[in-house]
Amino acid sequence: MLVGTGITIIRQQNLLAASMLSGIYSLLSACWMVELDAVDVAFTEASVGAGISTVLMLATLALTTRSEKKPVHKSFLPLFVVLATGAALIYGTLGAPPYGDPANVVHHHVAPRYVNDSYDETGIPNIVTSVLASYRGYDTLGETSVVFTAGVGVLLLLKRGKRSKREEKK
Amino acid sequence: MSHLFSHYNYWIVIVLMMTGFYTVISRGNMVKKLIGLNIFQTSVFLLFITMGKIKGGTAPIVMAGKEDVVYSNPIPHVLILTAIVVGVSTTALGLALVVRIKEAYGTVEEDEVQAEDIRR
Amino acid sequence: MREHSIVRVVSKILLPYILLFALYVQLHGDYGPGGGFQAGVIFGAGCILYALVFGVNKARRVAPSSVVSSIMAIGLMLYAGVGVVCLFKGGNFLDYNVLRHDPHHAQELGVALIELGVGMTVAAVMFTIFMTYAERAKK
């Protein structure tokens, strides 16, 4: 279903429909994330991907154009590149650890410490929250700065300040 | 056969990733490119989350009083939580740039922007 | 969208619950799924809904741009400030254990404060981005 939505998005010439579909796509992937036990991530993906991103896309479309122009030249080069990369990656997954196996290497290095000790050390039941905010507070600080910077960047790019109004008068 | 099934999730992720990649490199429209970038991004998130899953595990929220509960690996979740928020910031910034390009050139198609550049 | 009475009434009913849910997610992030980002995004989305339905000018009257952009900065400063307070109290940067005598209480206090900072920044940024787009479209 996810793949179907994805492919419909690229086939779609109407950008309005494509952005709505990308919202649906986000919701579907959030469902998959719940299935994979990542409730925090699914929550974020649902609110960010299906909510904010779609609204921003629609706002941009209102400012620009609604439909995409048909590509003038049909080229098979991108398709070929994509198929080759995909084949290489699928070949790569054959060496990857099997899905969901508790014996996988990722589950044995740092994770057990968080899973076993974080509740005793911080008193916070949600391990994701305690790791995010306490053990890896630096990451989250940097991330908040990224969000802040993005906000400032959009303001700088799009806000019409006093000076531009004065220039318009001239 | 079991080997085939155990990598099924990875393959779906790769198909999605390639869908996004194809959109980015083959489409000229910049909004479409950003949508493709979003698809690519989500597929990477799903790849990480897939790696963190343990079969028979549950969400990593400690249930007091219960021992022997298997929790899925919380570290990929933390990383991806950060990545999603950074992703939406970059998307917003990209869309803002698209709006500016539209105002400066009157189009959001890549080849038309290039043609305009050559003409100037 | 001023003439669609159904949209207006429904969003008027829903809006308090959206904002309340955002606060719940913010404060309950320690125990269930959720936290500062999600809460901020939901809060921002609620504000955006208000701006969509009742018009940009009205939303600007509720939340003037100077207030929103200062919230954006205050959130980040709150986060960094918690780290600096930890330094002054003799710990490492963002080491919450020194905030209170009991490490559990200290951790909870520190995490709640920085999540609050994150939530404020994210909500303000989302709202700012949307309002900038909307005001650009109007001119």
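How many helices and strands are there in chain A?

## Basis of the model

This is a predicted model, in which local features need pLDDT of at least 70, side-chain atom pairs count only at pLDDT 80 or more, and totals for chains, interfaces and linings use all residues. Residues are numbered from 1 along each chain as its sequence is written, chains are lettered from A and ligands numbered from 1 in the order in which they are written, and side-chain values use heavy atoms, with hydrogens and water left out.

## Chain A

Chain A has eight helices and zero strands (DSSP runs numbered from the N terminus: H or I of at least four residues for helices, E of at least two for strands). Of its 170 residues, 44% are buried, meaning under 20% relative accessible area with a 1.4 Å probe, protein chains only. Among contacts (heavy atoms within 4.5 Å) between residues at least 6 apart in the sequence of chain A, 40% join residues at least 24 apart.

## Interface of chains A and B

The contact involves 77 residues from chain A and 75 from chain B. Together the two chains bury about 7200 Å², with 76% of it on carbon and sulfur atoms; buried area is the accessible area (1.4 Å probe) that two parts lose on being put together, summed over both. Zero salt bridges are found across this interface (side-chain nitrogen of Lys or Arg within 4 Å of a carboxyl oxygen of Asp or Glu).

On the side of chain B that touches chain A, helices H1 (2–6), H2 (8–26), H3 (30–52), H4 (74–105) and H5 (110–119) each supply at least two residues. The largest share, 24 residues, comes from H4(B).

How values were computed: Buried means under 20% relative accessible area, exposed over 50%, partly exposed in between (1.4 Å probe, protein chains only).
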